[in-house]
Amino acid sequence: IERTLVLVKPDGVVRKLSGEILARVEAKGYTLAELKKVTATREQLQAHYAEHEGKPFYEPLVEFMLSGPVVAAIFEGHRVIEGFRALAGTTDPTTAAPGTIRGDFGRDWGLKVQQNLVHGSDSVESAEREIGIWFA
Ligand code: GTP
Ligand code: MG
């Protein structure tokens, strides 16, 4: 069965949207396999965001992800990776479609980092790698 790593990022936790976000994923029909609230370490984030190292938003992104706890979850189901990314909406919350998590709850706050509430793995390989980082 396919698995994906979902993170409710610090903005989602601070805004008390964790339950709403997890509920949408469950309501879509995916199975919650693992769940925890954790404060990330810099090492975890460097591993998680290795593909973005060197990009202008990399440092602000890591600092943002260290700014407070995240909720980490593993969801399971056929095509859950695609399915969660459809629920999340596109990266930029300003233009993410209404009806998606980012489109309904996100906006641009004028910061260097896009605070877009959630992370979801983008491929089977990424999912297995990321699950190893957050659920070692
Ligand atoms: P994730 O599910 O978080 O991985 O989002 P994504 O796959 O839609 O985006 P991507 O992996 O390309 O980027 C990871 C994160 O970096 C995004 O979720 C944003 O928080 C941030 N980010 C990506 N692109 C930009 C950008 O062009 N500018 C800024 N400021 N932040 C960005
Ligand atoms: Mg990504």
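Colleague: Which residue in β4 is the bridge partner of Val-6?

Modeller: Gly-120 is the bridge partner of Val-6 in β4. Strands here are DSSP runs (E, at least two residues), as are helices (H or I, at least four residues), and both are numbered from the N terminus. Before we go on, the model is predicted: local features need pLDDT of at least 70, side-chain atom pairs count only at pLDDT 80 or more, and totals for chains, interfaces and linings use all residues. Residues are numbered from 1 along each chain as its sequence is written, while chains are lettered from A and ligands numbered from 1 in the order in which they are written.

Colleague: What makes β1 and β4 a pair?

Modeller: Two strands pair if DSSP finds at least two bridges between them. Three bridges join β1 to β4, and the strands run antiparallel.

Colleague: Why is β1 called largely enclosed?

Modeller: Burial is a count of other C-beta atoms, placed from the backbone, within 10 Å of a residue's own: 20 or more is buried, 12 or fewer is exposed, and anything in between is partly exposed. Six of the six residues of β1 (residues 3–8) are buried, so the rest of the structure largely encloses the strand. Side chains in a regular strand alternate between the two faces of the sheet. In β1, Arg-3, Leu-5 and Leu-7 point one way, Thr-4, Val-6 and Val-8 point the other way, and all are buried.

Colleague: What makes a set of residues a nonpolar core?

Modeller: The members must be buried Ala, Val, Leu, Ile, Met, Phe, Trp, Tyr or Cys, joined through C-beta atoms within 7 Å. The largest such core has 28 residues, and Val-6, Phe-75, Phe-84 and Val-118 have the most contacts inside it. Elements giving two or more residues to this core are β1, α2 (18–28), α4 (58–65), β3, α5 and α7 (124–134). The largest share, six residues, comes from β3. In general, nonpolar side chains of soluble globular proteins tend to be buried together.

Colleague: Which residues does Val-6 touch, not counting those up to four places away in sequence?

Modeller: Val-25, Ala-73, Phe-75, Phe-84, Val-118, His-119 and Gly-120. Contact means that C-beta atoms, placed from the backbone, lie within 7 Å.

Colleague: Why does His-119 count as buried?

Modeller: His-119 has 22 C-beta neighbours inside 10 Å, so it counts as buried. His-119 sits in β4 (residues 118–120). Beyond four places in sequence, its contacts are Val-6, Leu-7 and Lys-9. An unreviewed UniProt entry gives His-119 the annotation "active site". UniProt positions follow the numbering used here, feature names are shortened, and annotations may be inferred rather than shown by experiment.

Colleague: How do you know which residues surround ligand 1?

Modeller: A residue is near a molecule if its C-beta atom, placed from the backbone, lies within 6 Å of it. The residues around ligand 1 are Phe-57, Leu-61, Thr-91, Lys-112, Val-113, Gln-114, Asn-116, His-119, Gly-120 and Asp-122. By class, this shell has three nonpolar, five polar and two charged residues. Nonpolar here means Ala, Val, Leu, Ile, Met, Phe, Trp, Tyr, Cys or Pro; charged means Asp, Glu, Lys or Arg; the others, Gly among them, are polar.

Colleague: Why is Arg-85 called partly exposed?

Modeller: Arg-85 has 17 other C-beta atoms within 10 Å, so it is partly exposed. Arg-85 lies in α5 (residues 80–88). Arg-102, in α6 (residues 101–105), is buried, with 24 such atoms. The unreviewed UniProt entry lists both under "binding site", along with Lys-9, Phe-57, Thr-91 and Asn-116.

Colleague: What makes the phi of Lys-16 worth a look?

Modeller: Most residues other than glycine have a negative phi. Lys-16 has a positive phi of about 60° although it is not a glycine. Lys-16 lies in the loop between α1 (10–14) and α2. With 8 other C-beta atoms within 10 Å, Lys-16 is exposed. Arg-79 also has a positive phi, near 60°. Its place is in the loop between β3 and α5. Arg-79 has 11 C-beta neighbours inside 10 Å, so it counts as exposed.

Conventions. Two residues are in contact if their C-beta atoms, placed from the backbone, lie within 7 Å.
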